[in-house]
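Me: I have a structure to read with you. Please take me through its features one at a time.

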Amino acid sequence: MSVAPFSATKLCVTGVGFAHGFGEATVLAAENLEPLLRDAPPVDVSSLVELLPGVSLRRVPRFARLALLACLRAGAGGDNLPDPARQGIVVGATHVGMSTSCDFMDSILDCGPHLSSPTAFSYAVNNMGTGLLSLFLGVRGPCSTVMSGALSFAAALETAGLLLYGERADVVWVCVVEEGDQRLKDTAPELPVGAEGAVCLAVRRWQRTGRYITLPQWSRPAQPDDVPPLTLRPALAAAVALHKDVSSPVLCTLRTTHAAQHCTVTVGIAHEHAAA
Amino acid sequence: MSTVSVAVVGMGCVCALGSGVDPVFAALRAGGQRPVAPRCLGPDALPFPVFSVDEALFVGGRLRSAADTLTLARHAAREALAQAGHGETSERLGVVVGTTAGTSLHFLEGYATRRSGSTAPCPDIEGLPAANPALALAAQYQAVGPVLTVSNACTSGADAIGLGLELIRQGRCDRVLCGGADALSLVPHTGFARLTVASAERCRPFDVARKGLNLGEGAAMLVLQRADLAPQQTILGYVTGYGSGADAHHFTTPHPQGRGLTAAVDMALRDAARTAADMAFVNVHGTATHDNDLVEGFVVSTALPHVPIWAGKGATGHTLGAAGAIEAVLTLAALRAGVVPASPGFVQPDPAIGLSPTQCEHPLTLRQAISLSLGFGGSNSALILSVSEGGRP
């Protein structure tokens with residue numbers, strides 16, 4: 001007997017932001033996302049200084065800078081937003097704080113536990129990105145980090161949907177981040193890590209018209225997926241699709257499979273110009 | 001406020017007090033034991049005591065990797081699902097697990113090996129993806145549904161249950177396995193010591209002489225289901241309210257007036273359509289750090305006035321990602337038993353807080369309680385558990 005289907009509840013997308021080594025124009029024009037997911041140069045985060053004038057970013061780790069850049073480009077911290085207590089944040093990632101985790105482990109190994117760096121530890125915690133986003137954007141609603149491997153984007157959308165349709169927030173900044181750190185690539189090549197980057201979608205409860213993304217429809221896959229489980233893949237594909245100016249109702253359907261989970265997540269995206 | 005009543009139909013728990021909800025709660029009522037030297041973390045561990053589980057739970061010994069967290073999660077999940085019974089084959093089963101060590105890059109041994117230039121196999125690195133607790137449990141139980149590994153520092157377990165509550169209320173799942181798990185790990189043990197928030201003696205929540213926290217380990221799971229679809233005899237209690245909010249104040253220290261925690265408490269009470277006066281007791285986060293207890297005491301005195309306080313970390317330690325879930329299970333166990341336990345480690349009140357947790361066991365007359373959690377990054381959560389449907393007093 002098959003599992004009862006999951007509803008394709010819509011989330012309204014009101015903002016999209018990228019932080020990518022090839023830059024937004026290249027990403028939006030890309031026909032093939034694979035090179036963007038593997039071979040992109042490090043992201044230039046220097047524009048954060050202009051986007052957050054007067055704010056010290058001295059100790060902000062790279063993971064958080066990537067997330068912050070994507071969120072600001074999606075409209076976070078801007079005008080015409082709900083009260084900060086009605087905004088939420090959900091960060092999806094396979095790994096958080098690669099550079100700070102390596103910093104802390106290096107300090108333990110180089111200096112001994114007694115002299116290891118407490119600052120590095122505190123910025124290596126898994127919700128570091130969410131906490132710093134909340135701090136810099138002034139967001140005081142529910143904030144969560146979900147780390148479900150290749151399913152992290154789907155998990156982040158699911159979580160955002162729960163917050164919005166549970167009336168716990170009126171807008172949720174859904175941010176998926178992949179951080180690059182050469183130390184981790186050198187010491188842990190068996191962990192699937194792609195090129196660094198971040199994508200942010202501003203999502204709200206569906207209001208009958210506009211761009212939308214559906215909640216995941218979870219199902220059992222017919223066969224294992226051979227595609228390497230890169231966290232950023234579905235988020236980048238979704239964000240690129242949302243920028244297309246076409247009249248067809250379905251922009252793309254994304255499938256993400258995590259082999260250990262034996263489950264397929266399908267995300268449907270479409271423009272809808274007429275009332276539903 | 002949702003009108004969907006969400007029942008707890010299964011519970012599981014493992015921590016320093018024992019294995020199994022009933023043995024754990026009995027040990028808690030008996031006062032628990034003191035923390036022990038961190039021998040399980042190896043010879044390099046700083047000398048701050050911990051609340052560790054029975055080593056026999058790790059068949060073949062600890063792996064000193066994220067896999068240890070998964071081992072504890074499996075124990076708790078097995079108990080909870082055995083109690084809940086088998087669901088339907090067409091069931092949409094969600095899995096939501098809070099953790100910190102289960103997904104962290106804390107593979108110190110492997111990192112040290114590889115840093116030296118060796119290419120030798122490192123099980124703690126290779127095994128990290130497969131150790132993700134929500135993904136692993138979903139695969140083990142062939143769950144088809146949302147798989148969320150929640151990593152919100154010390155509110156992870158509570159947030160996992162809160163999200164599980166919403167999955168049922170919103171009809172996204174028929175049942176949800178939700179909770180938290182964290183095994184002791186050398187990296188955070190070192191980190192908390194270096195942040196000077198760890199105590200070299202048994203922690204003393206809300207006590208005037210408190211010197212910081214003791215880390216602990218464990219796991220707790222709940223199985224949630226819509227109450228009107230659950231056989232009455234399987235219902236252990238209800239999750240009736242959940243609230244969460246961020247301080248947006250400072251990354252490691254809470255807002256001095258507990259802005260985010262107050263918002264979480266208010267949201268949870270509204271969610272449950274209850275008031276502070278309806279609460280039999282409040283289970284505080286009570287880490288025994290100077291800042292946490294001061295701020296939490298302020299919030300409890302203003303948002304939950306006159307509600308008896310139970311602080312449990314003097315018996316379990318601070319189990320990080322598992323804490324909110326273990327404390328939710330113990331809160332519900334206390335409501336079912338009709339007693340609020342004593343608060344181990346608390347001896348003398350702090351005048352700056354002005355509140356005293358329970359020093360001996362008390363009988364309960366009210367039927368719901370609220371459990372609080374605070375975490376790094378300004379994360380705050382509140383859960384309301386009840387033994388009456390709809391949280392009626």
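Me: In β11(B), which residue is the bridge partner of Asn283(B)?

Reply: Strands here are DSSP runs (E, at least two residues), and helices are runs of H or I with at least four, both numbered from the N terminus. Two strands pair if DSSP finds at least two bridges between them. In this predicted model, the partner of Asn283(B) in β11(B) is Trp310(B). The chain gets from β10(B) to β11(B) through helix α9 (residues 290–303) of chain B, a right-handed β-α-β crossover. Right-handed means that, with the strands pointing away from the viewer, the path from the first strand over the helix to the second runs clockwise.

Me: How many bridges join β10(B) to β11(B)?

Reply: 3 bridges, and the two strands run parallel. β11(B) covers residues 309–311. β10(B) also pairs with β14(B), residues 368–375, in the parallel sense over 3 bridges. There, Asn283(B) faces Ser371(B).

Me: How much area do chain A and chain B bury between them?

Reply: Interface size is often given as the accessible area lost when the parts come together. Here the sum over both parts, with a 1.4 Å probe, is about 5800 Å², 63% of it on carbon and sulfur atoms. Contact means heavy atoms within 4.5 Å. By that rule, chain A gives 71 residues and chain B gives 67 residues.

Me: How many salt bridges are there across the interface of chain A and chain B?

Reply: The rule asks for a side-chain nitrogen of Lys or Arg within 4 Å of a carboxyl oxygen of Asp or Glu. It finds 6 between chain A and chain B. Arg168(A) forms a salt bridge with Asp271(B), with the closest N and O atoms 2.9 Å apart. On the side of chain A that touches chain B, α5(A) supplies the largest share, 9 residues.

Key:
Residues numbered from 1 in each chain as written. Chains lettered and ligands numbered in written order. Predicted model: local features only at pLDDT ≥ 70, side-chain atom pairs only at ≥ 80, totals over all residues. Heavy atoms only, no water. Buried area = accessible area lost by both parts, 1.4 Å probe.
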